[in-house]
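Me: Please go through the terms applied to this model and set each value against its definition.
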Amino acid sequence: MTTTPVPGTPRILLVEDDEVIREATQLALQRYGFPVETAADGLEGLERFRAAPPDLLLLDVMLPLLDGVGLCRRIREESQLPILMMSARTEPIDVISGLEAGADDYVVKPFETAVLVARIRTVLRRTGVGPTAPATAAPDPGPTHAVRVIDDLEVDTDAMEVRVAGRPVPLTPTELRLLLEFTAAPGVLMERQTLLERVWDYSWGADSRVVDVHVQRLRAKIGATRIETVRGFGYKLRRTA
């Protein structure tokens, strides 16, 4: 079941194998003005993504043929579009697996439609997609210099490009926003709740595992020793030299 995208409105690809949940979620999101295309399994979701890339991917963890974690990994090889995962499973390993695969956030089923829409709009806003995004770009709270250099790490805050030892490093929008927070204040402790508020736009007590997993992903891309863990508090960016 598909809908005709409305120009300028963020398009969503919903991948959910349960027909009742799929149709109910699609109708609910359409009532909020989102054009929604659907797929019933992971392989169909991958095909629809490649045929017409959406602005946001909303996918269930437990999918036939290709599960949500596998689908997320495949899409991350090709695109940095925002991904929001849905799951009825709240065990830490299930949540972490989805985030490590490249998801920007997750929502636990069953959920209220208003909660899901709020999470979708938050992801779209911080990735700068569609009319739900503010007029300004991602926040840059640091110095006015366009390029921040810390050892061999370079962050161009105008072009939104990252290099390590001269090599371009592709980051998701969420990873980039996280790195911008760290490079704005090298050596300064960033508490998890502060990062949730600044990067994820969550002013309430969200799951700090989202921060932890994204820090792990960022370390894997820019160097494991650059971001130091301050046990019980959060993280800080340090110089490697």
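Predicted model: local features only at pLDDT ≥ 70, side-chain atom pairs only at ≥ 80, totals over all residues.

Reply: Residues are numbered from 1 along each chain as its sequence is written, and side-chain values use heavy atoms, with hydrogens and water left out.

Me: What makes up the secondary structure of the protein?
Reply: The protein has eight helices and twelve strands. Helices (H or I, at least four residues) and strands (E, at least two) are DSSP runs, numbered from the N terminus.

Me: Why does D151 fall into its accessibility class?
Reply: The relative accessibility of D151 is 25%, so the residue counts as partly exposed. D151 sits in the loop between β6 (147–150) and β7 (153–156). Its C-alpha atom is 9.6 Å from that of R238, 87 residues apart along the chain.

Me: How do you know whether α2 and α3 are parallel or antiparallel?
Reply: Axes are lines fitted to C-alpha atoms, for helices over the stretch in contact, and angles run from 0 to 180 degrees between N-to-C directions. Angles under 35 degrees count as roughly parallel, over 145 as roughly antiparallel, 65 to 115 as roughly perpendicular and the rest as oblique. Helix α2 (residues 42–51) and helix α3 (residues 68–76) pack at about 25 degrees, with axes 10 Å apart. The two helices are therefore roughly parallel to each other.

Me: Which residues of α2 and α3 meet?
Reply: Contact means heavy atoms within 4.5 Å. On the α2 side are G42, G45, L46, F49 and R50, which meet L71, R74 and I75 in α3.

Me: How do you know the orientation of α6 relative to α8?
Reply: The axes of helix α6 (residues 173–184) and α8 cross at roughly 85 degrees and come within 10 Å. That angle makes α6 roughly perpendicular to α8. From α6, T174, E175, L178, L179 and F182 meet H214, V215, R217, L218, K221 and I222 in α8.

Me: What is called the largest nonpolar core, and which residues touch the most other members?
Reply: A nonpolar core is a set of buried Ala, Val, Leu, Ile, Met, Phe, Trp, Tyr and Cys residues joined through side-chain atoms within 4.5 Å. The largest one has 49 residues, of which I83 and F182 touch the most other members. Helix α8 (residues 209–222) gives this core its largest share, six residues. Apart from this core lies another, of 15 residues, including L56 and V123.

Me: What is F182 in contact with beyond its neighbours within four places in sequence?
Reply: The contacts of F182 are M190, L195, V215, L218, I227, Y235, K236 and L237.

Methods. Buried < 20%, exposed > 50% of the residue type's maximum accessible area, 1.4 Å probe, protein only.
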